Amino acid sequence: MEKYKYTSQSDRDQFEKDGYCILPNLLSVEDVEKYKLTINKVFDLPNKDLLMTDVRKTYALADGVTKNSDFWPLIYNDYLIGFVSELLNGDIKYTQHSDIHINLGGGRFHRDGRCREFGIGSDWEEDDHPYALVRIGFYLSDFKDTKSSVILLPGTHKKETRITRFEYIIWNKVRSFFRKFGANNWLPHVFFSNRRIVHKSKAGDCVIFHQRLLHAGGTLLNTKKPKYAIFTSYGLNNQHSYNHVDYYFNQRNDLDYLKSLPKNLHDKLKSHDLLLKR
């Protein structure tokens with residue numbers, strides 16, 4: 001791989017400092033529509049562009065990309081793989097932390113790794129291997145139609161003050177309380193003790209964020225169309241990636257991740273040098 005063919009110095013500096021990068025319009029208009037219809041098919045919804053009045057609930061499928069071959073081209077998208085490889089400064093592997101969503105709305109602030117409390121657990125131990133795992137969000141909806149956004153707290157993959165921890169715990173408790181009354185989506189994701197980025201997604205945008213970064217899904221309120229998103233993940237070929245995969249396979253049984261890859265996907269990952277050997 002040619003050195004820094006896909007990224008700029010500003011891309012790498014931002015990822016190192018803030019823990020995220022945004023690739024606008026990574027997917028074409030045609031790809032966006034194709035994947036939305038494919039998601040509709042997965043959830044037995046009509047084969048057409050849907051309005052919010054057609055989809056009144058949340059749909060989610062854990063490991064949905066791995067389970068459905070129509071999504072596999074996203075895993076080995078050449079530009080994305082080149083970009084992420086340069087961000088992580090090494091050869092990356094597919095770590096199977098994938099999902100497909102419709103209307104997964106305002107969520108709690110959280111991390112996507114195994115060890116979600118700052119500084120506690122092996123995810124935060126980097127003497128032997130760097131923790132280099134990222135989550136990839138493909139957004140298939142426009143903010144103007146869906147109020148679709150992702151909220152990121154830059155730098156929290158590397159540092160977290162006591163005030164920041166206290167604040168996100170309080171906000172999460174408040175959100176959980178209002179969820180009991182169906183009022184979760186009325187709460188904005190405000191934050192005072194850490195810089196906050198609200199990315200108002202456009203259809204085709206790709207957001208790459210460090211698995212240890214604090215983030216939340218934006219609220220869905222008074223929207224015209226449902227919110228569609230697809231997620232995958234990658235990491236360097238080291239113990240942190242093995243631990244991450246083991247966590248979602250063997251400890252999160254509630255999510256129904258595939259215990260082994262489909263044979264055809266296994267072979268494709270191997271041919272693209274993306275296969276994490278377990």
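Phe 177, Phe 178 and Phe 181 together make a nonpolar surface patch with about 320 Å² of accessible area. Patches are built from residues with over 30% relative accessible area and no salt bridge, joining like charges within 9 Å and nonpolar side chains (Val, Leu, Ile, Met, Phe, Trp, Tyr) within 5 Å. Accessible areas come from the Shrake-Rupley method with a 1.4 Å probe, and for residues only the protein chains shown count as cover. The model is a predicted one, in which local features need pLDDT of at least 70 and side-chain atom pairs count only at pLDDT 80 or more, while totals for chains, interfaces and linings use all residues. Residues are numbered from 1 along each chain as its sequence is written, and side-chain values use heavy atoms, leaving out hydrogens and water.

Phe 181 is exposed at 58% relative accessible area, where exposed means over 50%, buried under 20% and partly exposed in between (1.4 Å probe, protein chains only).

Two strands pair if DSSP finds at least two bridges between them; strand S6 (residues 149-152) and S7 are joined by 4. Along this pairing, Val 150 lies opposite His 199 in S7.

On strand S9 is His 215, which is buried at 6% relative accessibility. Setting aside neighbours within four places in sequence, His 215 has contacts (heavy atoms within 4.5 Å) that include Arg 108, Ile 151 and Phe 209. Although His 215 and Arg 108 are 107 residues apart along the chain, their C-alpha atoms are separated by 8.0 Å.

Salt bridges, defined as a side-chain nitrogen of Lys or Arg within 4 Å of a carboxyl oxygen of Asp or Glu, number 16 here. One of them joins Arg 212 to Glu 126, with the closest N and O atoms 3.5 Å apart. This pair links distant parts of the chain, 86 residues apart; Arg 212 is buried at 5%, whereas Glu 126 is partly exposed at 35%. Another joins Lys 263 and Asp 267 at 2.7 Å, N to O. These two residues stand 4 apart in helix H9 (residues 263-271), so about one helical turn separates them.
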